[in-house]
Amino acid sequence: MATHVTLLASAFLLLLLLPFSASISRRSAAINFFASSPASLEDAYEALRVFEILGIQEKKAHERGATCPKVLENLVSTSPLKDLFYALKVNVILKCDVNGEVFEGIASRLKVIVHDASTLLDKYYSIGGLVLIKDLDSNVDTHIPDVDGVFQSIKALRQSDGRWRHSSDNPESSIYAAGLAFEALAGVISLASSEIERSTVNIVKNDIVKLFDVIEKYDDGSFYFEEKFVSGQEQHGSLSTTSSVVRGFTAFAAATSGKINLPGDTILGLAKFFLGIGIPGDAKEFFSQVESLAFLESNRQVLISIPLILSLPETVYSLTKKGQLKESRKYRVYDLAKVNTVLGSAAPPLTVKLVHAFSTGAKDSSIIDSKELWYDQESGLHVLDTFPNNLDVGTYVFVFEIVLHDSASEEVYTTGGQIYVPIYVTGIIEVGNAEITVVESDLGTAETQKKLDLSGNDAVSLSANHLQKLMFAFQLTTPHGQDFKPQQAFFKLRHESKVEHIFVVGNTGKKFEIILDFLGLVEKLFYLSGRYDIELTVGDAVMENSFLRLIGHLQLDLPEAPEKASRPPTPPVDPYSRYEPKEEITHTFRTPEKRPPQNLSLIFLGLILLPFIGFLFGLLRLGVNVKNFPGSTAPSTFGILFHVGIAGILLLYVLFWLKLDLFTTLKAFGLLGAFLMFVGHRILSHLALTSAKLKSA
Amino acid sequence: MSKLIFVFLALIPLLCTSFSPDRPSDRRVLVLVDDFAVKSSHSLFFNSLKSRGFDLHFHLADDPKIALQRYGQYLYDALILFSPTIERFGGSVDAAAILDFVDSGHDLIVAADSNASDLIREIATECGVDFDEDPAAMVVDHSGYAVSATEGDHTLIASDDFIKSDVILGSKKIEAPVLFHGIGHSLNPTNSLVLKALSASPSAFSANPKSKLTSPPSLTGSSISLVSVIQARNNARILISGSLSMFSNRFFRSGVQKAGSPTKHEKSGNEQFFTELSKWVFHERGHLKAVNVQHHKVGEANEPSIYRINDNLEYSVEVYEWSGTSWEPYVADDVQVQFYMMSPYVLKTLSTDGKGRYFTSFKVPDVYGVFQFKVEYEKLGYTSLSLSKQIPVRPFRHNEYERFIPAAYPYYGAAFSMMAGFFIFTVVHLYHKCVTFLNPAFGGFLWAMF
């Protein structure tokens, strides 16, 4: 059968990336996070510490040049306590050239602070500083004279629930502070000139155990600490809180002898918590995570169990890929497991045992029983070298167990018992014997029967009416010739108007078959006649050739919908067309009335003027004269004025037509009219008098 | 002291407003989580928000001290619910309070997960998003899953069916598929405000991944929405995702290869997808404002109080888009103005100069009444603009009609020739001295002539 197939699983689903890829991804993450030069000594320390843990030497050397001057600058007894502390911490890693006298000065200052400091943080920094000086230069006297007093003053900050206060005058307590306190106490013990009383140490150990009462737990078995409702200037997330506790109790365990009575599960749970976060988003959290993991696995804490993580890089195993693999190895590698400590360093001598493996469908029938995995020195993997030949596609559960060779190392490491790993074995499922038929419902005779090749792209065209049935059938077989039941086998009819109907294809024995009796379905199909697309979806988690494809088209002829029939659902509005700009609207203006052409109007104007011309002509022909015009001055003046008045009124009409409005016109007309009355009366009476005289004469 | 309190009280309304065009920056976001581990495991997403100037306040969802408002003022501008399992919020917060928060124009991001609580489902339903009711259901896609060595049940989906909108997802194309692992939802078809930002492929379905299907699942195919966005009528924006892990650092950093596709992407599209989407949700993109609405007659500069029918007018408006830091000119070719009385009489697309100014000119219709200039601008992903300005339109005055109509010249000619004739007649009638026949018959002839 196959040659080199790696079927691998992760022991915890959360730990997918880890720790197989841990070192690589962590390294790149570390380089990313700490790429820019650190702003403060604290950041510099975090960067250096991470580089140290992950063994990135080149970066460490690179930092040295930039950071050492800063360290020297801060290593004076006047600089702030926090900077001093971190300067010492950086110095431990970088080993800058510092004069021994400088340490003397700092040590004496720190000793004073240890006694006088009222807050936990000051005590923590000063004790931590002294411990660092002790490590850096053993000539400096770092012993604290009143060890018990300092010890008790820190102990006094403890609350009854296991949390610690930051200072004696601040009643608020936190878990984060507890971690600091344990580390400080560990420092006090290591600085003590004489042995601390055993009972005192035991009390602190009990405190640690007590603190673990408030630990929180996830469903997947990871444990973590979380501050509940801390109001205060500093809020620590669960990562930094848990990290603080881990740092505290590992430091304490290292400083004292004798085991702290913590269950292995809890330690493993803490490791799971840190690993489960993956790669956190900022440098500080990344530092907390990496440092805590380093503490959990570092060998000096032989008193605390080191968690071992079993991880399988793959849980999906493909039967089809076997053909492509080279026959380069003599053994057949089917299953690899890697056992690591949390940061990926090598585990002690151990054997990984596959207790048993079973199919999820049949829990009782085991396919592999109690098999030890073979250890490949080269890759550091535990390899399962035989696999049952008749392994078919499906889902299986493999149960692993880690057996330590040394009984002594059982004290040191925790393994977490039996580990259940779901394994998927995938393969190509053969699809065959597909046929689609339209039959008369009463007679059962096949109207049209079409064979389908579901692997190809051909589509069939069918037509049916409501008295007919559509039958569709196909068969699925596994590579081992077994019948296969996929999770998803949908037969979909989609009408032109986007109304969809999905039917699950059921299986009767070997065959998957669906019969659609359109008479019973007319209601469901909303009496929609027309063209339907037929789509088939077959899919399963272990089926590599899951597909969705168009089988063909069905021209369906259904009766008219009765009035009471339910309407097909309105299709959802297409969001793209909904927001399209509207069509422009222009106003249609009223068309002006039709007018005759201008020439015609002018011709008519000429015709209209003809009678006037005729009138003038007639007057001339008649020989009109104005001999009757009065000869004397006064009447002639009145006569002239009378006619000028008439002409004025007529002119007013013209002006009215041209530009004047009615009110101006009426005003002018009133004045002209009165004038005309006067002069008219005078001239007309004069004319009447003359005429009367003439008659009487 | 009292002075200080007074100053503080006076500042409260300034500090805690929703997105406002006047003060778009300084935004405070409340993040409710099930446990603080989310803060670290999803820190890339949070950091991208922080780096864009958001002030994130993390609280446990059951923290009894959380409150959205105090003394009637909202304390936050936006809310992120990363607490899919919460059954009851702490403090005074409940589903109604969150919906009120949205109703007052604030933004919301909700992430559900396969164990989503009824409370989260209820909030989603109110937003027009219905999560699959089956508590064991997850979105499974046997054809569009992400190839993974360790996830065999095809619930880790690589989807690349994004909403086609530059404003929602940014102008840069998202090359890599987005990883999804969670529950699907469908959109209420009657709700036109909710949009599918990320849809499942046609072969997907929502069901318990461990059981075989015997009846058709309630959600299938591309009608399943994985991530949806909603823009309410008050421009509050909501993002609803069926998966909390989509936002996680692990998915942000993970590589992705879609089943059946030969390309393996170094990095999934999740980070780009959610960074861009969160920019949209928090109004860093697609928020429009319209200012400086002007209209006047062609050739004039001042805005008249009334137009006459058939006037030619010019209309202009300036539209700007908020870019996260400043108001930038908005450039589009589909801003339209309506001249509206009961129904639009004129609807015209505005031309733009590319610097935010939109303008057009048109002729006032020959219908008089009270009209409105209306700009109703709705575009996918953008906040809607709704401007209206009322303006009356009057008919011609009596002296504004056309005067010297050529067709009427015969009538004019008749009147004026008649007037001239009358004038001559009066002269002739009064002063004619009949030499030959001195009788009134001549007068009778003249009378008969007229």
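Start with two helices of chain A: select residues 100–116 for H5(A) and residues 120–136 for H6(A). In this predicted model, their axes come within 9 Å and cross at roughly 150°. Turn the view until one helix lies over the other, and the crossing is left-handed.

Which residues meet here? On the H5(A) side, show A:Phe103, A:Ile106, A:Ala107, A:Leu110, A:Ile113 and A:Val114. Across from them, H6(A) puts in A:Asp122, A:Lys123, A:Ser126, A:Ile127, A:Gly129, A:Leu130, A:Ile133 and A:Leu136. Colour this contact by residue type and you get 10 nonpolar, 2 polar and 2 charged.

Stay in chain A and select residues 283–297, which is helix H12. Is H12(A) buried or exposed? Of its 15 residues, 13 are buried, so the rest of the structure largely encloses this helix.

Now hop to chain B and select residues 28–281, which an unreviewed UniProt entry annotates as "domain: OST48 N-terminal".

Last stop: residues 295–433 of chain B, annotated in UniProt (unreviewed entry) as "domain: OST48 middle". The end C-alpha atoms of this stretch lie 72 Å apart. Colour by secondary structure and you have 17% helix and 43% strand.

Terms used: Residues numbered from 1 in each chain as written. Chains lettered and ligands numbered in written order. Predicted model: local features only at pLDDT ≥ 70, side-chain atom pairs only at ≥ 80, totals over all residues. Helix = DSSP H or I, 4+ residues; strand = E, 2+ residues; numbered from the N terminus. Expected span 1.5 Å × (residues − 1). Buried ≥ 20, exposed ≤ 12 C-beta atoms within 10 Å, placed from the backbone. UniProt positions renumbered as here; feature names shortened; annotations may be inferred. Axes fitted to C-alpha atoms, helices over the stretch in contact; angles between N-to-C directions. Left-handed = near helix turned anticlockwise from the far one by under 90°. Contact = placed C-beta atoms within 7 Å. Nonpolar A, V, L, I, M, F, W, Y, C, P; charged D, E, K, R; others polar.
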